[in-house]
Amino acid sequence: MAQATHPQILFASDLRRGETLLLGESGWVRDPRRALVARDAASGADLLRRGEADLAKNRVVDVYLADVEVGEDGVPSPLHYREKRRLAGPSVRPDLFADPEEPSR
Amino acid sequence: MNVHDPQFVDRRNEPAISYRYDQHDLAFVRSRVAEFREQVRRRLAGALTEEEFRPFRLMNGLYLQLHAYMLRVAIPYGVLTSRQMRRLADIADRYDRGYGHFTTRQNLQFNWPKLVETPDILEALAEVEMHAIQTSGNCVRNVTSDQFAGVAPDEIEDPRPTAEFLRQWSSLHPEFSFLPRKFKIAVSGAANDRAATRVHDIGLRIVEGEGGARGYEVAVGGGLGRTPFIGKVLRPFLPREDLLAYIEAILRVYNRFGRRDNKFKARIKILVHELGAEEVIRLVEEEFAAIDREPFAYDAEEFARIESFFASPPYEAPPARSETLEAAKQADAAFATFAAVNVARHKVDGYAIVTVSLKPIGGIPGDASSAQMRALADAADAFGFGELRVTHTQNIVLPHVKQDDLFALWRKLDAVGLATANAGLITDIISCPGLDYCALATARSIPIAQAISKRFASIERQRAIGELGIKISGCINACGHHHVGAIGILGLEKKGQESYQITIGGDPTLEASIGEALGPGVTAEEVPDVIENLVDFYLSRRIEGERFIDTWRRLGHARFKEAWRKEGVDGVDI
Amino acid sequence: MALISEGAFIEDSWRHLTNEEDLPKSGKYIVPLARLAEALQRLPDGALLGVRVDNTADPAQLAPCFGRLSLIAIAFPAFSDGRGFSLARLLRRAGFKGELRASGRLLADQITHALRCGFDTIEVASDIAARQHEAQWRDALAAYGAFYQSGYGGRRRILEERRKAAS
């Protein structure tokens with residue numbers, strides 16, 4: 001029986017600023033709507049490779065893949081509540097996480 | 001030296017209430033800032049890998065958390081001047097998001113600093129004799145103490161000189177900066193232990209020996225976390241002149257023999273547990289006997305020099321009974337409640353110790369906005385010789401307030417939301433930041449605290465319940481000290497959901513005990529009901545004057561377990 | 001491996017011997033602890049002997065050999081493992097007067113820790129040396145003017161400075 005794998009997105013933290021980043025088409029983004037979604041192991045590995053390349057260039061740290069489900073609108077949503085929290089910000093200070101803005105670099 | 005000298009620190013308006021840096025202390029923190037600035041540069045340039053940079057980042061208090069970096073600023077033995085508090089407010093506004101979080105080790109955490117700005121933050125701290133040195137990392141951490149130090153009636157000796165003495169000794173220690181794991185020391189100088197010394201790696205209690213000589217009861221191997229332990233006494237009386245040599249002996253034994261194979265078994269409490277207290281005592285005494293005492297020959301002089309900074313402020317001599325205070329209590333019921341709950345006896349007639357609660361009903365425990373920090377600084381200047389304390393229950397203390405001034409103080413606090421009259425009551429909850437902030441967490445903790453707080457909002461009900469410490473940790477690392485809460489709550493993950501284990505019977509004082517589990521974990525929604533059931537059971541069974549913990553000790557854990565189950569709470573199997 | 005002395009990279013005049021190599025007739029060579037007894041027995045005149053040990057070595061076991069040992073190299077398997085610092089201290093306390101070398105994975109940021117605990121030189125893995133050029137070691141040496149702890153070597157001690165100022 002074939003292994004069912006979840007779609008995945010790539011998480012990292014910005015080395016200089018510490019903010020949560022996702023790997024998007026042309027670089028790192030904050031908005032999950034712009035995150036690249038890997039639908040199989042091979043593309044997941046590819047995401048990881050790209051992330052690790054930027055880790056080696058001292059752009060990001062703590063690079064890892066996280067399982068997501070993809071809604072009808074195509075927006076990925078992490079399966080685990082920890083990664084959901086990373087995208088949503090502190091639940092007790094909703095005022096602190098406005099619309100995600102793109103990283104400056 | 002004059003104001004143009006770079007080593008001059010302008011303190012014209014500050015009373016001498018705590019340790020003051022001399023040029024060496026100042027040079028040291030400035031060197032540290034320069035060193036860290038260079039380490040950041042090397043990290044960004046790739047000369048240091050993240051793995052290599054991390055311990056040095058941590059030894060300057062900088063963590064990488066869920067959403068951002070987090071900077072843990074040291075507040076040595078919990079003492080802050082108003083100037084320092086204002087600087088923290090400025091940093092919050094300039095480099096963070098306008099607030100800070102006071103912790104269970106008397107430190108302050110900023111939740112949103114950037115790595116590239118942290119050297120500037122550290123420089124801003126150094127200007128007011130503050131730092132973030134060794135607030136993380138596998139080294140000796142902030143030496144904590146009693147928030148009522150110097151002013152409590154039950155005090156044998158002010159523990160702060162000892163804490164400062166140890167702070168300097170432990171700063172950039174060449175031999176003990178790469179320990180198996182973190183190392184926490186607490187010092188208490190009173191009959192009542194308000195510093196939780198029994199759950200620290202080393203707990204020191206100042207005691208009097210023969211002929212009135214001062215010394216220390218030394219306990220080792222206390223700690224919370226995955227495997228909580230109460231510390232074991234190695235020496236009931238260690239003469240003061242032997243303090244540094246003895247601590248060095250303990251640290252050397254730990255550095256050499258502490259486990260390094262398993263991060264969760266690396267604290268000294270595990271070494272004590274696995275070797276046995278007797279063997280650890282033998283190893284420590286053997287090492288202590290071999291240590292050359294010559295380097296410590298001038299410790300007594302240095303200790304006296306440090307001690308001189310902790311002299312009492314220039315107290316006036318008001319009468320023991322304040323008519324102003326009594327009249328205000330008669331006139332204002334809310335103030336009367338505050339005076340009854342948040343004000344403690346001072347060793348000097350006519351003065352009082354005020355606890356400012358950072359636990360507003362439904363609020364985030366331990367958080368203070370920059371505006372509130374400035375208000376606290378102003379209050380300290382107006383009413384308290386410019387001194388503040390941070391407690392390890394995440395509150396602020398104004399340790400020298402004239403009883404005559406209490407009402408005026410309360411009004412100022414009330415204006416900025418800092419007058420919650422719940423010190424030590426059920427809504428004075430300790431909570432770690434939990435999964436809302438912390439990368440280590442397994443569940444959120446703050447919303448649990450908020451829900452319980454709202455459930456018990458009624459001040460009358462709180463006072464009827466009396467002293468009850470609820471402590472919440474968002475993971476097994478127990479930064480919320482849940483093990484020693486009369487009611488402890490531990491947030492875990494169960495089947496993809498946040499799940500909360502409740503314990504009862506913890507105690508952080510000299511009657512230290514670790515809480516016992518009630519049963520399977522419950523959901524976040526169920527927690528306030530569970531707490532309410534436990535409280536109602538306690539109220540129905542207590543004898544006059546019994547606190548929650550007393551009733552639990554008298555009746556036994558089984559009765560409380562029954563009571564919880566009888567109320568029909570469905571727990572998820574753990 | 002690169003050798004650091006006083007914040008500069010220097011040539012190593014010592015040779016590390018493996019378990020298999022024959023003992024040379026002269027020169028300066030460092031043997032693993034397992035070969036120490038053999039090396040002491042066959043130590044030629046004019047040859048200098050060093051030994052490399054794990055950071056868990058027992059000082060009491062090495063002390064009898066001090067008179068004939070010119071160098072002890074203590075392994076640092078990871079820079080986060082600080083046992084070597086305590087071992088160096090104990091070896092000095094036991095009377096070792098020769099060269100103490102910290103060997104393995106240390107960072108420039110640890111140079112003063114090592115010197116103050118009694119090490120003379122630091123021998124670092126090549127990959128570390130490649131990223132941590134000499135300037136970093138030299139700068140790290142100069143990072144602090146004085147330290148708090150008494151009884152440790154190295155630079156000025158804050159307590160001594162205070163006493164001098166007071167008198």
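Predicted model: local features only at pLDDT ≥ 70, side-chain atom pairs only at ≥ 80, totals over all residues.
Biologist: Which chains share the most contacts?

Modeller: No contact joins chain A and chain C, and their closest C-alpha atoms lie 13 Å apart. There are 2 pairs of chains in contact. Of these, the pair that shares the most contacts is chains B and C.

Biologist: Which element gives the largest share of the side of chain C that touches chain B?

Modeller: The contact takes 32 residues from chain B and 33 residues from chain C. Elements of chain C that give two or more residues to this side are α3 (83–93), α4 (111–116), α6 (134–141), β9 (146–147) and α7 (158–166). The residues on the side of chain C divide into 12 nonpolar, 11 polar and 10 charged. The largest share, 5 residues, comes from α7(C).

Biologist: Which element gives the largest share of the side of chain A that touches chain B?

Modeller: Here the contact takes 19 residues from chain A and 20 residues from chain B. At least two residues of the side of chain A are supplied by each of β4 (60–70) and α2 (81–88) of chain A. That side divides into 6 nonpolar, 6 polar and 7 charged residues. The largest share, 4 residues, comes from α2(A).

Biologist: Why do the buried residues of α6(C) lie on the same side of the helix?

Modeller: The buried residues of α6(C) are Q136(C), W137(C) and A140(C). They lie on the same side of α6(C) because the arc they cover around the axis is only 100 degrees. An α-helix has 3.6 residues a turn, so residues three or four places apart point the same way. The value that places these residues on the same side of α6(C) is therefore the arc of 100 degrees.

Biologist: Which element of chain B is included in what covers the buried residues of α6(C)?

Modeller: The cover includes elements of chain C, namely β1 (2–5) and α4. From chain B, it includes α1 (23–45).

Biologist: Is A34(B) buried, exposed or partly exposed?

Modeller: A34(B) is found in helix α1 of chain B. A residue counts as buried at 20 or more other C-beta atoms within 10 Å and as exposed at 12 or fewer. A34(B) has 17 such atoms within 10 Å, so A34(B) is partly exposed.

Biologist: Which residue of β17(B) stands opposite K471(B)?

Modeller: An open sheet of 5 strands with mixed pairing has the order β15-β16-β17-β18-β19 in chain B. Its edge strands are β15 (430–431) and β19 (516–517) of chain B. Within it, β16 (residues 470–473) and β17 (residues 487–494) of chain B run parallel, joined by 4 bridges. In β17(B), the residue opposite K471(B) is G488(B).

Technical notes: Residues numbered from 1 in each chain as written. Chains lettered and ligands numbered in written order. Contact = placed C-beta atoms within 7 Å. Nonpolar A, V, L, I, M, F, W, Y, C, P; charged D, E, K, R; others polar. Arc of directions from axis to C-beta. Pairing = 2+ DSSP bridges.
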